[in-house]
Every structure is written in C-alpha cells, then in structure tokens.
Amino acid sequence: MFLVVETVFFSIKSPYFLAWDNWLNILTAVAVIGIIAAPGTMLMTAGQFDLSVGSVTAFTSVVMANLALSHSIGFSLVLAVIAGIAVGVINGFLVTVVGVNALITTLGTLAAFRGLAEVTAKGQTVGVEGFEFLGTARPFWNIPVPVLVLVGVLAAFWLLMRFTVYGRAMFAIGSNPTAARLVGIRSGRYIFIGFVLSAAACAMGGLIFTSQLSVGSPVFGTGMELSVITAIVLGGASLSGGRGSIVGTAVGLLIIGILNNGLTLTGVDPFWQNVARGALLIGAVSFDRLRARLGD
Amino acid sequence: MNLDATGGTVLALLGENGAGKSTLVKILAGDYEADAGSIAVAGASYRSMDPAAARGQGIRMIFQELAAAPELSVAENVMLGQLPAWHGLVNWRSVRASAGRMLEDLGVELDLAAPVSSLRVAERQMIEIARALLGKARCLILDEPTAALSHQEVERLFSFIQRLRERGVAIIYITHRLDEVARVADRVQVLRDGASVLEGPVPEFRRKELVTAMVGKSVGETGRPVPLDRTPTRALLSFEAATSDGAFVDLDLTVGDGEVVGLYGKIGSGTAEVAEVAFGLRKLTGGQLAVAAGKRAARNPAHAIRSKVGFLPADRQREGAFMIRSVAENLCAPSWSRLARARLLISAKLEATAYGRWHDVLSIRSRNEPTQPIGTLSGGNQQKVLLGRWLESGSRVLVLVEPTRGVDVGARAEIYRSIRQLATEGVGVLVVTSDYEEVVQVADRAVVMSRGAITAQLAREDVSIERLSSAAGE
C-alpha cells in the first residue's frame, strides 16, 4: 500500500519518475542492499540478525583492490570472496558453537572488520583497473548487471525459503527453537549456513561496489545494516523470527528505493532523506503493530 | 457457581485439569471478569474485580509459576511493590529489617542478601507468601503449590499453612490431589466441567466420594483400556540398570511392541528425565538403553527420530508447537526430508497431502485448512497435531510426556483412543505422567517412580489410584 501511494505521489511530482531508465536507476541503487537482504530475510525468519553486512562489503572490496595491485583480477576476486565468506564463518561459529547472541556477535564483527578494512587499505581508497563488467555492463535491454544479480539472488532465496527443507527448517527454528530441536532439526548447522550465505552476499555486494566505482574503499556500505533491516522489516518479517518472505522484502526494497529516488528527483536536501528513511521504518512498523492489535 | 472462603479456615478447591478451578479464582483475583454474579469481600459487594482492587481488598494469589524478580535479593523480593522509601529514595536498612521480621514471623530462615534465583522453588514460594502477607493479605489463594515440592518441603508448607490459618487468613487451596485435602483443608469444594458438584466440611466425605465427584463416574469403571489380545513379542525400548546422575539410579524398564506403559511419578521423581534419555536429550551416566532391536541409545533428538522414536514434550507451547506456523508444517516437521523430492525439495502441497492423511484419523477439529496456524486451534487439537507428527514420521516407539495436560475432557478421550489405536498397530508407547487418572485410562501396565527409583510395577488389573498414590510416596 505504501508502495502504491509513494509511486503515485512521485509520478505526479516529477515527470521523469516513471521513465524506464529511472526504474533502472532505482533498482541499481538498491541492488546491493537487496542482494544482502535476501539471506538477511532468511536469517531473520530463523530469529537471527547479521549487523556486520556493511563491514564485510567494505572488507571484501578492499581485499579485492589491494590484491589486484599485484595479481590478476580473477585471482584477487576469488581470494576476496573467500575473505568475505570467512567473516560469515566467524559469525556462524561464534553464534552456533560458542553461543554468543547474534546481535552481539555481528556488532563485534561490524566494528572489527570495518577496522580491518581501514587497516588493509591504510585508510585510503585503492584504485582497480579492468574490473568494470560486474558493476557497469548492460548485457541486454540496457539492464545493468547488478540488477540482474539482484533478481537472480532474490529468485534463488525465494525458492530456497519456499520449496526446500532448509528453508522450512529456518522458519521452524525462528518460530520455536526448542521445538525445532525436538523435531530433529540441526539448528546450529542451519544457522551457521545462514551466516555464511549472508557473508557471501556481502562479498558479492563488495565486488559490485568495487566494480561500479573502480576503487576498493573501507567506507563502502557504512550504515548499510540499517537499510537492509529496514527492507526486511518493511517486508513483514518478524524481528522475533518465524515470519518473513522474499516477496515482502522485495516490496520493502522498492519502498526504500523509490523514496530515495523520489526525494532526489523532487530536489529534497539529502540530509532530510535520512530523516525520511528513519521515519518510514518507524511509521511502517508502528502501522503494522497497530493493525495487529486492532485485529486481535 | 458459588465460592465461600472464611477467615481462619482452609478451603480446598478440588478438580481435574480444565474443571474451572483456575478460572474461578482468577475472577476473584481480578484477572478475569465474571459474566454474571458478584463478589463480596468483608461485607462490601463488587460486580467485578480488577487486579488492583483485589489487592486493595487483601486478596492475593500465589501462582504455580512464581513471578518474583529472580535477580534481586530475598529482602527486595519480600518487599517488592512496597519498598519503604523517602521521596523515591529506598531506605535499605528498613527494607532488610522489615523483610527479616516478616520471614522470622513465618519461621523461615533465609539469607536476606541472596539472590532469589539461587533459592529452591519451595523457598521462593515462602517469599511470595511473605510478600502477600506484608501487603495485608486477608485471603490467600494457593494454586497447586505442592506440584514442584519434595516430600519434606510439602510438610513444611503444610505446617506453614497451619500457622497462616491461626493468624486468621482465609486460604483457598487449589489441588487435584486427594491426600492433600485431608491433610490441610477444613472444607472442600469439588469442581467438574465448570460446575460445583460437591461441597462441605472435609471429615464428612470419604475419599471415594471425592474421586467420584471429581471424575464424574464411579472410579472402578473409569474408561479402562480394552486389553490387548496379544503380548509384546520384542522390546522396543529397554533400560538396563540405567543411571543418570541427579535424576534416577539403576533403572530397569522395558516397553514392548503394541503395549502402552504408564510411567507414573510426581514432579521430581525422575520420570521426566527417563523420557529425556529415551529421546536423546540427556545422557546416561551408567547402565544402558537399547532402542528397537539392539540399536544404541540416541545421542540427540535427530538421532532418536532416525531410530523411529517420537517424543511429545510436556509443555506444548514452549517445547512442542510452532505456534505461528501452519498445522501442516507443524505435523510434517520431523518428516520433511523424507517427504521432500530428492530429500531437498518440499512444497506446501506435499505437506497438505500429509496433513490430510491424519486429519480424520486423529479427529482434529479445525477448519480442515492445512494452512491454518496451529496457534488458532484449541489445546486438545494442537496436541492431536503434535501426536500426528510421529504418525507421519512412522515412529515405532512413542514417548508421551503429560499428553493430556491442559486438554479438555472430550479431546482427552480422543487422544487416549488414538494412543490405544497405535498400540494395536504394534507401536510401543511410554506415557510419562503425574496424573494417575491418565495411567488408569490408557496404560496396559504401570511403572511407578519415586525419588529416582522404581517403587512399583503394576499389571493392568492391579492398577488403581490407591496403589499408584502409595507407591509414588503421596
């Protein structure tokens, strides 16, 4: 509903808004957030969070750029992805084996890997040559690669959550962890995989940023965890687990994308855009709560 | 319904689960509102109560699940809600002095500075009662206070209640244990299916009359299971000299194919732990457990399920159901990989088909929509769905812990029928329960535990409430 109101409002305000190219702009702008929000949605249905997403994105991009200074693009790319996924392994290990709360764990890795990215890049942005394809190529219908990746990742996680035993188990874990154990679900293993998938998506995001701007930067994805969680929650996922859907997250993503894009097109001060995004999150969730309470 | 509590006397409110005991006293304590009728306290009449008004009138309830602040000290918990303060600043010296005096009055010795979380349930109960009395309680409601207490603790509680009575407090004592009525109460009122069926001074009634009033039919005839026409041919679950530290010692117990064994014992007797071991939730520290033909005991629930063991936990909401998920998902959860194509791909449609297989067999009363969240069903129907889990997964051994707790009478009969039906199909069932009625109604034979050891083995024709109770140390 928000989505329709928003779309109508901005299309009246700005003649460019409904143009095909503008839609591509909107999607490109939220592509990385969406790629990361897909595994994020699944983690949230299992009652878990990953706050470290922005830092993993930056860390991957910096590792990529640094390696590319002295090695081939392909080699750097593989190692960068491994580096990103390693953070997911750390998160997963701490949450499922050591038993640290996911919020605390990923808050820790959020800080630590932002710092490690800064250290690796010595606080600078590092240029990368010859790695434009992933971020800027438009192989067909003028659609940029990040948007294609976004659609692919959303589709993959839609299938995963809806049609696999793994996806079903994640819902069960989030809905009642004790009961999940008592029906023989290996919760630890499943949640571990969830964190690894989340980190893999972040690594993909880091590579896309690097390719789009031809640099690796330790400031990529700062504050991105907020946008990711906003999209997931706008999509109807429950913070306490057991509820959530990829279709919902896709809608949440569009709401954020359209809001940002529309505010820019209508010439609103970018600082106010942050205020709008925060208000949107609180507004949408409050609306949801009130509706649920009236429904009872 | 009428209820009458007088200062200086103990009224026992007796009834089975779901008889309406809790609802009645919750109206008194202001948690629920009565549809009709009124409440009179010391002469003043009220149409309804709210919790604050009930407290103001000195009506206090001590819940089964104790609601103290576990991280705070004993003294703070006693004084909770009435801390002596001067303009918002707590006077700690006075807190300790008042709390100490109160506990001393009651004959309870506790370290005032100890956190409540370090205390045992019985001691927490004393604190709750002390707090209620400090708030000038005139009427104290105790909801099944002995459920989690050991024998000595029960004795202490009873002498404690005696002292409260001498102080002129009116006590409403809720229970479903007959022996407690004779021990502690002056008057008794029996509830069944939401109506008061018997009322009067305790000495006027014999035990048998109370039981008949509570259950609704003559006890001798109570829904005995039809005996099986065959004897078990092999053991599906057998404990041999099994020991689990702190729970039970040197236990021998066998469940054969096609029989329902009732494992009866009070809370803390070790029965719950036996069930946990059978499902891989707890390890044996000595002896052994064999599952099915010669297989080793389960290491964890997943392993137990693969060995065809099913488990129904005691607490349906916290341990059993995925409340916000659909009934079909709830029923299929342990069978997902088996139902899935290539052990991987599952759809709501496959789940719905599986659910359809058991919906009528278990007489689940719902809109028959596989997508309906299980939380919208009644307790009894939820329990049927959870039982269906293990039918779908093809379990050969079922461990059912308190299978009809919080289930209404009609659904209970249907669950018992399903359990009997399973037995005729060759499934071995271990019903772990603290409800003797359950043993009488569903089991082929009974094993009774007390303090971690088996105290009686009763064949079907020997199972009676008296024998169960005495073997369980009641």
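This passage describes the two chains of a predicted model, their contact and selected local features. Residues are numbered from 1 along each chain as its sequence is written, and chains are lettered from A and ligands numbered from 1 in the order in which they are written.

Chain A contains 13 helices and two strands; helices (H or I, at least four residues) and strands (E, at least two) are DSSP runs, numbered from the N terminus. The radius of gyration of chain A is 19 Å, in agreement with the value near 19 Å for a compact globule of 296 residues. This radius is taken over C-alpha atoms, and the globule rule is 2.2 Å times the number of residues to the power 0.38. Along the principal axes, the C-alpha atoms of chain A fill a box of roughly 55 × 50 × 35 Å. Buried residues make up 50% of the 296 residues of chain A. A residue is buried if 20 or more other C-beta atoms lie within 10 Å of its own, exposed if 12 or fewer, and partly exposed in between, with C-beta atoms placed from the backbone. Of the contacts in chain A between residues at least 6 apart in sequence, 78% join residues at least 24 apart; two residues are in contact if their C-beta atoms, placed from the backbone, lie within 7 Å.

Helix α11 of chain A (residues 224–234) is mostly covered, with ten of its eleven residues buried. Among them are A:Met224, A:Glu225, A:Val228, A:Ile229 and A:Leu234. A:Gly236, which follows α11(A), has a positive phi near 95°. Most residues other than glycine have a negative phi. A:Asn142 has a positive phi near 65° and is not a glycine. The residue is found in the loop between α6 (133–136) and α7 (145–163) of chain A. A:Asn142 counts as exposed because it has 9 C-beta neighbours inside 10 Å.

Chain B comprises 18 helices and 20 strands. For 474 residues a compact globule would have a radius of gyration near 23 Å, and the 24 Å of chain B agrees with this. The C-alpha trace of chain B spans about 70 × 50 × 50 Å along its principal axes. Of its 474 residues, 45% count as buried. Among contacts in chain B between residues at least 6 apart in sequence, 67% join residues at least 24 apart. Chain B is divided into domain 1 (10–216) and domain 2 (257–282 + 298–471), with bounds from an automatic or database domain assignment. The centres of the two domains of chain B, taken over C-alpha atoms, are separated by 33 Å.

An open sheet of six strands in chain B has the order β16-β17-β18-β13-β19-β20, with mixed pairing. Strands β16 (309–312) and β20 (453–458) of chain B stand at the edges with a single partner strand each, so one side of each has no neighbour in the sheet. The twist from one strand to the next averages 20°. Within the sheet, β17 (residues 397–401) and β18 (residues 428–433) of chain B pair in the parallel sense over five bridges; pairing requires at least two DSSP bridges between two strands. B:Val397 stands opposite B:Gly428 in β18(B). Helix α9 (residues 271–278) of chain B lies across β13 (260–264), β16, β17, β18 and β19 (445–450) of chain B, and runs at about 145° to β18(B). Axes are lines fitted to C-alpha atoms, for helices over the stretch in contact, and angles run from 0 to 180 degrees between N-to-C directions.

B:Asp250 lies in strand β12 (residues 248–256) of chain B. This residue has a positive phi of about 50° although it is not a glycine. B:Asp250 counts as partly exposed, with 14 C-beta neighbours inside 10 Å.

The contact between the chains takes 24 residues from chain B and 17 residues from chain A. On the side of chain B that touches chain A, α10 (301–306), α11 (316–320) and α13 (336–339) of chain B each give two or more residues. The residues of this side divide into 16 nonpolar, three polar and five charged. Ala, Val, Leu, Ile, Met, Phe, Trp, Tyr, Cys and Pro count as nonpolar, Asp, Glu, Lys and Arg as charged, and the others, Gly among them, as polar.

B:Phe322 lies in the loop between α11 and α12 (327–332) of chain B. It is buried, with 23 other C-beta atoms within 10 Å. Not counting residues up to four places away in sequence, B:Phe322 touches A:Ala172, A:Ser175, A:Asn176, A:Ala179 and A:Gly242, as well as B:Glu329, B:Asn330 and B:Ile374. B:Phe322 and B:Ile374 are 52 residues apart in sequence and 7.3 Å apart in space, C-alpha to C-alpha.

Technical notes
Predicted model: local features only at pLDDT ≥ 70, side-chain atom pairs only at ≥ 80, totals over all residues.
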